[in-house]
There are 2 protein chains.
Amino acid sequence: MLVVGELINSSRKSIKAAIDAEDAGAIKKIAKDQTENGADYIDVNAGTYVGKEDRYMKWLISTVQEAVDTPCCIDSPDPKVVEAALNLHKGTPMINSISLEKERWDALLPVVAGSDFKVIALCMSDSGMPETKDDRLAIAGDLVNSLVKNNVAVENIYVDPLVQPISTNDSYGMEFMNAVEAIMAEFPGVHTICGLSNISYGLPERELLNQTFMVMAICKGLDSAIINPLDKRMMANVYAAETLAGRDEYCGNYLAAFREEKLAL
Amino acid sequence: MLVVGELINSSRKSIKAAIDAEDAGAIKKIAKDQTENGADYIDVNAGTYVGKEDRYMKWLISTVQEAVDTPCCIDSPDPKVVEAALNLHKGTPMINSISLEKERWDALLPVVAGSDFKVIALCMSDSGMPETKDDRLAIAGDLVNSLVKNNVAVENIYVDPLVQPISTNDSYGMEFMNAVEAIMAEFPGVHTICGLSNISYGLPERELLNQTFMVMAICKGLDSAIINPLDKRMMANVYAAETLAGRDEYCGNYLAAFREEKLAL
């Protein structure tokens, strides 16, 4: 499981406070904590600073990279912000995210074409949000084929089938999960990824729903996620699900996690 | 989700103590607690009393039925014990379980043929335990077809694909789960059911594995389970998984469980 640590996002109060105070120590601590708890990439998002996003993105990227070797997941729809981040990022980042929306596609394609970046490809188009498995599969097909034509290696593509709230439509959970399964079957080598919080929008006990949804998605083949690696229960669920899904030889990672006291709830 | 409460089993210390002391109050309390927490059937097993199983089975059945209207799941491989239980059971019980092992099949078929009992059909044959999805599907096919030929209604058949320990073979989790999916697709109307504890045999933090496995199995279509309804975390996982799997119109059961304080962990 590839884990993108989601915490360094300016929409979170504590991160906004750290940015406003230029408190590099606080940002570094969160980068280190996420790395130590299993993050393979550190998502960095300064999207709430309209007009100043590039400035804060750059500060966050440098600050994170002073603290950890874990590469960043540069999280912005604005190609100028992404370029600014790329200019100072060391190592190979992940880009979050391109989509089939024409404006976003045209803006970000030149940035990722021919690169060796990991690219999150969000199943969204100008016709709106996908509802069914087939909607998602069609958009995913266009995204994967177009990215490959533009010299993005298939194994660097992380398709996000787009989670929608189960409170809106009973079928949204399974449509998403069946899309994960279909995308993994249809495009060998491609990865699938998602954030979770949308699934539980409008319902109580959201963490329970998010964790349960993650386990189900892993069962259907999801191999990457944008989550909080400091959420011990979420990570314990991920370890257990990976083992049960047959992706953990001799239960080695599960047993290591147990020895590191990461499983006790 | 059909829930069979697993607690009244003489292999559990507290139940053995209650049986030995003929403490009907203790048995009644466990029957009531399971019913109040979602059990649709109360499993009753006196298998550890070799030579006296029928006597204790009868006492347990009457005791349970004095306490609750929930029907019993009569859990014995011995047709004499099952017959003894049937003679005094009120309502329509579940039988746990027939299998393709010749001795067991021949003994229990006359009991269930033409009946309206719910019948657990365990994927086990004289060639040993199934390993792969296809092994399970083949045994399930024989069981379902033979039971239907003997006038057991397809909707009364609960196929148990047989959980095997993930510590023995990395693939045992997915082989089981893919069997659930295949059985539900191949035999419309049939149910799938399982006990869980085998999956985590030999590993630490067994409850975490059992709960995670249950969520994954629900995602693959499992619609019944033999579990402990008093395990709050397990039941919360079941409520969440059912909702996310699209089996809970307008999230009604999930919201009701929340109001009854069954979801907070």
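1. For the residue classes used below, Ala, Val, Leu, Ile, Met, Phe, Trp, Tyr, Cys and Pro count as nonpolar, Asp, Glu, Lys and Arg as charged, and the others, Gly among them, as polar. The model is predicted, so local features need pLDDT of at least 70 and side-chain atom pairs count only at pLDDT 80 or more, while totals for chains, interfaces and linings use all residues. Residues are numbered from 1 along each chain as its sequence is written, chains are lettered from A and ligands numbered from 1 in the order in which they are written, and side-chain values use heavy atoms, with hydrogens and water left out.

2. Chain A is divided into domain 1 (1-91), domain 2 (95-230) and domain 3 (231-265), with bounds that come from an automatic or database domain assignment. The C-alpha centres of domain 1 and domain 2 of chain A lie 21 Å apart, and 22 residues of domain 1 of chain A are in contact with 23 residues of domain 2 of chain A (contact means heavy atoms within 4.5 Å).

3. Chain B has an open sheet of eight strands in the order E7-E6-E5-E4-E3-E2-E1-E8, with parallel pairing; strands (E, at least two residues) and helices (H or I, at least four) are DSSP runs numbered from the N terminus, and two strands pair if DSSP finds at least two bridges between them. Strand E7 (191-192) and E8 of chain B are the edge strands, each pairing on one side only. E4(B) and E5(B) run parallel and are joined by five bridges, and B:Asn96 has B:Ile120 in E5(B) as its bridge partner.

4. Pockets and cavities were found on a 1 Å grid over the protein atoms alone: a cavity is a set of points where a 1.4 Å probe fits but cannot get out, a pocket is an open set with protein on both sides within 12 Å along at least five of seven lines, and lining residues have an atom within 4 Å of a point. The largest pocket holds about 890 Å³ of space, where a volume is the space filled by probe spheres set on grid points joined across faces, edges and corners. Its lining has twelve nonpolar, nine polar and nine charged residues, and H8(B) gives the most, with three residues. Domain 1 (1-91) and domain 2 (95-230) of chain B both contribute to the lining of the largest pocket, so this pocket lies between them.

5. The second largest pocket, of about 610 Å³, is lined by 22 residues, of which A:Asp75, A:Asn96, A:Gly195, A:Ser197 and A:Ile226 are the closest to its centre. Its lining draws at least three residues from each of domain 1 (1-91) and domain 2 (95-230) of chain A.

6. The largest cavity has a volume of about 90 Å³, and its lining includes A:Arg233 and B:Arg233. By class, the lining of the largest cavity has four nonpolar, six polar and two charged residues.
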